[in-house]
Amino acid sequence: MGFATTDPWALMRAFLREAGGCAVIDGGLATELEANGADLNDPLWSAKCLINSPHLIRKVHLDYLEAGANVLITASYQATIQGFQSKGISREESEDLLRKSVEIACEARDVFQKEYSKDSHNVEDNEATYRQQPILVAASIGSYGAFLADGSEYSGDYGEAVTLETLKDFHRRRLQVLADAGADLIAFETIPNKIEAQAYAELLEENNIKIPAWFSFNSKDGVNVVSGDSLIECASIANSCRRVVAVGINCTPPRFIHGLILSIQKVTDKPILVYPNSGERYDADKKEWVGWLSKSLFARRQ
């Protein structure tokens, strides 16, 4: 993106300054993939398209850039080495698919910037301005519960057998592959509990991850994360990690967002990111979203 620095804070400050102080995250990937004809009825969910329809991912990325997005989140939320291996894909091929998720987003950014720099003389000034704004590629990492595909990413209940070391072992190689694939930052999304936030923070340090990260939690009561763990305690973990440059909320009903932001701001002065859902809740038994409550500006579901 053009910000040559090893300081994660400097990168984020430069990005936000170039974006005018507030950046726009892209929207729902799975929603748009389905709208473009993808069948996501699979434990891999949107990551399935990395295997059989990467062109659709690229198209959705380009559509969001056309709509003014400053941040593209990769199609790796539910892409895990373990998940791909369960489909008979080798470890090497699984790691290549993780890299591919970043490559597709970077390619979409390059195409967009080249195309509109070439045609900028044909557009109005205000349209040309947003097309010249900076674009970050964020490599998405979904929770352990997303891999399980049993709805536990929305409850945070992994059972007593899942320890801090279990989670670190699960995420370690995936994090390293994505961090080395060319993304600008890592997006830890829909973090449902305190133990997984702690696992991420420790991995960032232990693996000496060179690019910055954001932590984004989800809540169903407007006070705690979905497991019942304190949001303030979770946000404090993010605040104490030097590689984390933003903290926020995603996949959460819009009516809770204001209060959750205020809670986060009690323990950090890092930038806040927000991308709620539509107000629905996930029914793990039916494997569908139910109870439409309201619309939101950034309804992003991976």
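## S94, a buried serine

S94 counts as buried because its relative accessibility is 0%, where buried means under 20% relative accessible area, exposed over 50% and partly exposed in between (1.4 Å probe, protein chains only). S94 sits in helix α6. Setting aside residues up to four places away in sequence, S94 touches I81, F84, Q85 and I89; contact here means heavy atoms within 4.5 Å.

A word on the basis of these values: this is a predicted model, in which local features need pLDDT of at least 70 and side-chain atom pairs count only at pLDDT 80 or more, while totals for chains, interfaces and linings use all residues. Residues are numbered from 1 along each chain as its sequence is written, and side-chain values use heavy atoms, with hydrogens and water left out.

## The overall picture

The protein has twelve helices and eight strands. Both are DSSP runs numbered from the N terminus, with helices being H or I of at least four residues and strands E of at least two. Of its 302 residues, 53% count as buried. Among contacts with a separation of 6 or more, 75% come from residues 24 or more positions apart.

In soluble globular proteins, nonpolar side chains tend to be buried together. The largest nonpolar core of this model has 70 residues, and L33, L50, I186, F188, L204, F215 and F217 touch the most other members. Such a core is a set of buried Ala, Val, Leu, Ile, Met, Phe, Trp, Tyr and Cys residues joined through side-chain atoms within 4.5 Å. Helix α6 (residues 91-118) gives the most to this core, with eight residues. Apart from it lies another core of 15 residues, including F15, A187, W214 and L273.

F217 is worth a visit in the viewer. Leaving aside neighbours within four places in sequence, F217 is in contact with I191, A197, V225, L231, C234, A235, V247, G248, I249, N250 and T252.

## Helix α10 and its partners

Let us start with α9 and α10. The axes of helix α9 (residues 164-179) and α10 come within 9 Å and cross at roughly 50°; axes are lines fitted to C-alpha atoms, for helices over the stretch in contact, with angles from 0 to 180 degrees between N-to-C directions. That makes α9 oblique to α10, given that angles under 35 degrees count as roughly parallel, over 145 as roughly antiparallel, 65 to 115 as roughly perpendicular and the rest as oblique. The residues of this contact divide into eight nonpolar, two polar and five charged. In that division Ala, Val, Leu, Ile, Met, Phe, Trp, Tyr, Cys and Pro count as nonpolar, Asp, Glu, Lys and Arg as charged, and the others, Gly among them, as polar.

On to α11: helix α10 (residues 194-206) and α11 pack at an angle of about 0°, with their axes 9 Å apart, so the two are roughly parallel to each other. K194, A197, Q198 and A201 in α10 meet E233, C234 and I237 in α11. By type, the residues of the contact of α10 with α11 are four nonpolar, one polar and two charged.

## Helices α11 and α12

Helix α11 (residues 231-240) packs against helix α12 (residues 257-265) at an angle of about 50°, with the axes 9 Å apart. That makes α11 oblique to α12. From α11, L231, I232 and A235 meet L260, S263 and I264 in α12. The residues of the contact of α11 with α12 comprise five nonpolar, one polar and no charged.
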